[in-house]
Amino acid sequence: MHYHVLTLFPEMIEQAMSHSITGRAQKNEQIVLETTNIRDFSQNKFMKVDDYPYGGGAGMVMEAEPVYLSYEKVVKEVMAAGRKKPKVLFMSPQGKTFHQEMAIELAKEEDLVFLCGHYEGIDERVLEEIVDEQISIGDYVLTGGEIAAVVMMDAISRLVPGVLHNDVSAITDTFTDNLLEYPQYTRPVEWRGKRVPDVLMSGHHANIEKWRREQSLLRTKNQRPDLFEKVEFTKDDMKIMKKNLAFQDEI
Ligand code: ADE
């Protein structure tokens, strides 16, 4: 996976991606991160990349040309390496809301370009010219697209084969089947008077699986009723729910 980030703040991206699993994945070359500073393509001797909005109003607008030139540089590089023209994603609160299925689809790409805006926005003409999809990470307004790009790259990276040592965790994750994950415990057995559930120490794998599934169902019902409605229950789920009073209104 090759990420290309067009930004005025490359350090924000590089720093955030340099730790933990995304840092290790870069060292192992499972993901390659290249940031391009849009300011390097300024057409102005003061290296300015923004200007006043036509029609007036608050704030500044990023100019089309430096954004276009930085995009063009990245596309030429990718095509010269023999790969196909990459998808360009523009981070914007006006975009479709990012979710796990989008991460799964995007993880199949070889290259992704993330365009990060700052200030009041980017000249619409260059967006029309280069952007394939506008994506939001949620219904709130950030100061720029960088953190949104990092959120997306983080979620996508853990789905790239080999990035997680235990690929099973990417598959059994929260959201993959509309169920939240069950609770986890580690030593000590008793912490400040609270004990680990006995079943987890029983060594009885079938009972452990059943307990975990029940916890996932319970958590989803209580914490995310919107997801719970979309769960496709198995026969075993129905058995579990019949035995538990907390689900009486479901069956
Ligand atoms: N830029 C500003 N706010 C954003 C959001 N919520 N998602 C993606 N990009 C943004």
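A salt bridge is a side-chain nitrogen of Lys or Arg within 4 Å of a carboxyl oxygen of Asp or Glu. By this criterion the structure, which is a predicted model, holds 16 salt bridges.

The protein is divided into two parts: domain 1 covers residues 2–157, and domain 2 covers residues 172–250. The C-alpha centres of domain 1 and domain 2 are 39 Å apart.

The largest nonpolar core has 32 residues. Within this core, the residues with the most contacts are Y3, M91, F98, F114, M152, M153 and I156. Two or more residues each are given to the core by strand 1 (2–7), helix 1 (10–17), strand 5 (87–97), helix 4 (100–106), strand 6 (111–115) and helix 6. Of these, helix 6 supplies the largest share, seven residues.

Leaving out residues up to four places away in sequence, M91 touches F114, L115, C116, I135, G145, A148, A149 and M152. Two of these partners, F114 and M152, are also listed with M91 among the core residues with the most contacts.

Nonpolar side chains also occur on the surface. F9, M12, Y119, Y140, L142, I147 and V151 form a nonpolar patch there, and together they have about 600 Å² of accessible area. L142 has a relative accessible area of 35%, so it counts as partly exposed.

Now return to the salt bridges. In one of them, the side chains of K108 and E105 meet with N and O 2.9 Å apart. K108 is exposed, because its relative accessibility is 60%, while E105, at 46%, is partly exposed.

Which parts of the chain does the pair D249 and K221 tie together? D249 lies in the segment after helix 10 (235–243) and K221 lies in helix 8 (residues 205–223), so the bridge links parts that are 28 residues apart in sequence. The closest N and O atoms of D249 and K221 are 3.7 Å apart. D249 is exposed, with a relative accessible area of 60%, whereas K221 is buried, at 16% relative accessibility.

The side chains of R224 and D226 form another salt bridge, with 2.9 Å from N to O. R224 is partly exposed at 29% relative accessible area, and D226 is partly exposed at 43%. Salt bridges can also join into a network, as those linking E34, K73 and E77 do.

Finally, some features concern the backbone. Most residues other than glycine have a negative phi, and most peptide bonds are trans. The peptide bond from R187 to P188, however, is cis, with omega near 5°. P188 is placed in the loop between helix 7 (167–171) and strand 8 (190–191). N178 is also in the loop between helix 7 and strand 8, and its phi is positive, near 65°, although N178 is not a glycine. R192 is another residue other than glycine with a positive phi, of about 45°. R192 is found in the loop between strand 8 and strand 9 (194–195). With a relative accessible area of 74%, R192 is exposed.

Conventions. Residues numbered from 1 in each chain as written. Predicted model: local features only at pLDDT ≥ 70, side-chain atom pairs only at ≥ 80, totals over all residues. Heavy atoms only, no water. Patch = residues over 30% accessible without salt bridge, like charges linked within 9 Å, V, L, I, M, F, W, Y side chains within 5 Å. Areas by Shrake-Rupley, 256 points an atom, 1.4 Å probe, with all protein chains shown as cover. Buried < 20%, exposed > 50% of the residue type's maximum accessible area, 1.4 Å probe, protein only. Core = buried A, V, L, I, M, F, W, Y, C linked by side-chain atoms within 4.5 Å. Helix = DSSP H or I, 4+ residues; strand = E, 2+ residues; numbered from the N terminus. Contact = heavy atoms within 4.5 Å. Domains from an automatic or database assignment.
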